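Subject: Structure handover

Hello,

Here is the structure I promised to pass on. Please open it first, then read the notes below.

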Amino acid sequence: MPLPSRSAAARRAVMSRLVVMPRLIAAGGRFRIGQGILGCVVAAGTALALMPAALAAPHSVPHRAHYAMSLLKAQADAAIAGVAGDMAVIFDRSCDGWSVLQASRMEIDFDEAEPVVSDILFDSEESDDGTRFRFRYEERENGESVELAIAHLDRTSPDRPSKLRFANPPGVTESVPAGALLPTAHTERLLQAAEAGEAFIRAEVLTGSGQDSLSFVSAHIGRPTEIAADQDWPSQAGEAADALRTATVIPMRLAFFKPDDRSETPIYELLYQIQPNGVVRRFDIDYGEFAISARLVSVENRPAAEECN
């Protein structure tokens with residue numbers, strides 16, 4: 001069998017690095033900009049009880065956001081000539097939890113290989129008490145499905161070990177350690193930490209980005225910073241959407257590792273400018289050899305949740 005060309009090998013190497021953003025995602029694996037991304041504090045392997053924090057009034061507000069994505073930087077050996085795409089994310093509130101819909105499409109141009117169109121489709125539901133989580137995650141390359149994961153988590157308490165059970169691939173399970181946070185709970189934990197003046201949070205997070213989606217996330221949280229009203233804010237957002245705009249943003253830097261890896265080099269890093277209400281104005285995903293930038297181009301309110309009966 002002939003060896004693959006350098007361009008083909010470079011293309012495969014890049015596609016294997018791409019990942020979904022934590023809560024916007026967050027997530028390990030391929031070009032995943034998901035979810036969905038943010039968690040419970042884990043110190044020296046000891047999980048903290050999370051029920052009071054999980055049941056606190058949420059900081060995040062229901063909204064729909066649309067981001068334009070582009071290549072921020074690329075080293076010569078990354079073999080990437082350009083990235084262009086967009087991502088839409090909808091965060092809806094139910095009476096006792098959150099649902100997230102995300103769709104992204106990116107065209108990746110390579111120096112010597114054929115371009116690739118990468119699609120990510122993700123939807124999930126998550127309960128406030130951290131006991132229920134279900135998701136559907138699909139990746140496509142040039143229109144062909146390369147991964148489809150459908151799974152659910154039912155646990156009696158977030159502070160007990162449990163199993164993530166997959167309907168697709170059928171029969172697959174994934175161990176979920178005690179204290180692992182779900183994606184939106186992770187975001188809420190980081191926003192709570194920012195409000196309390198905490199600078200560092202370490203967490204194990206179940207991102208829902210396909211199989212093996214458990215990540216160890218180390219977050220550095222900056223101080224809330226005043227920001228100009230129009231900086232990184234869509235110029236045509238409209239009066240209703242402008243009600244979502246806040247006077248400050250919180251800079252955050254999240255490093256993602258495999259759950260059993262405590263090395264100094266993360267799989268990737270996520271840099272946020274997030275508002276106290278959970279609306280992300282912009283973010284960058286840094287894979288080391290290359291980085292992708294996302295800028296908010298439109299945002300709108302979503303209906304508030306009705307009270308549970």
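Let me start with a pair of strands. Strand β6 (residues 80–94) and strand β7 (residues 97–110) run antiparallel and pair over 14 bridges. A hairpin of two residues links β6 to β7. To find your place in this pair, look at A88: its bridge partner in β7 is A103.

One caution before going on: this is a predicted model.

Now move along to the next strand. β7 also pairs with strand β8 (residues 116–127), again in the antiparallel sense, over 12 bridges. Here the hairpin from β7 to β8 has five residues. L101 stands opposite D123 in β8.

**The chain as a whole**

The protein chain has 309 residues, and buried residues make up 50% of them. Its secondary structure comes to four helices and 19 strands. The accessible surface is about 13800 Å². Carbon and sulfur atoms account for 51% of that surface.

**D123 and its partners**

Stay with D123 for a moment. Which side chain does D123 meet in a salt bridge? It is R134, at 2.3 Å from N to O. D123 lies in strand β8 and R134 in strand β9 (residues 132–141), so the pair ties together parts that are 11 residues apart in sequence. D123 counts as buried, at 17% relative accessibility. R134 is partly exposed, with a relative accessible area of 29%. E125 joins in as well: D123, E125 and R134 are linked in a network of salt bridges.

**Other salt bridges**

The whole structure holds 14 salt bridges. Opposite charges on side chains can pair when the charged atoms come close.

D286 and K73 form one of them, with their closest N and O atoms 3.3 Å apart. D286 sits in strand β18 (residues 280–286) and K73 in strand β5 (residues 63–74), so this pair ties together parts that are 213 residues apart in sequence. D286 or K73: which is buried, and which is partly exposed? D286 is buried, at 17% relative accessible area. K73 is partly exposed, at 41%.

R140 and E138 form another, at 3.3 Å from N to O. R140 is partly exposed, with a relative accessible area of 30%. E138 counts as buried, at 6% relative accessibility.

**The core**

The largest nonpolar core has 63 residues. F135, M252, L254 and F283 touch the most other members. Take F135 as an example. Leaving out residues up to four places away in sequence, what does F135 touch? The list is F122, D123, S124, A149, I150, A151, L164, F166, G208 and G210. Note D123 in that list, the residue that also meets R134 in a salt bridge.

**Strand β16**

Seven of its 10 residues are buried, so the strand is largely enclosed by the rest of the structure. Here are its pairings:

- Strand β14 (residues 214–221) runs antiparallel to β16, and six bridges join them. A219 has L254 as its bridge partner in β16.
- Strand β15 (residues 225–226) pairs with β16 in the antiparallel sense over two bridges. E226 has T248 as its bridge partner in β16.
- β17 runs antiparallel to β16, with seven bridges between them. M252 has Y272 as its bridge partner in β17.

M252 and L254 turn up here, and both were among the core residues named above.

**E269**

E269 is found in strand β17 (residues 268–274). Its side chain makes a polar contact with the side chain of R253, at 3.1 Å. Neighbours within four places in sequence aside, E269 is in contact with R253, L254, A255, D284, I285 and D286. L254 is one of the core residues that touch the most other members. D286 is the residue that forms a salt bridge with K73.

Best regards

Definitions and conventions
Residues numbered from 1 in each chain as written. Predicted model: local features only at pLDDT ≥ 70, side-chain atom pairs only at ≥ 80, totals over all residues. Heavy atoms only, no water. Core = buried A, V, L, I, M, F, W, Y, C linked by side-chain atoms within 4.5 Å. Buried < 20%, exposed > 50% of the residue type's maximum accessible area, 1.4 Å probe, protein only. Contact = heavy atoms within 4.5 Å. Polar contact = N/O pair within 3.5 Å; in protein donor to acceptor, adjacent residues only side chain to side chain. Areas by Shrake-Rupley, 256 points an atom, 1.4 Å probe, with all protein chains shown as cover. Pairing = 2+ DSSP bridges. Salt bridge = Lys/Arg side-chain N within 4 Å of Asp/Glu carboxyl O.
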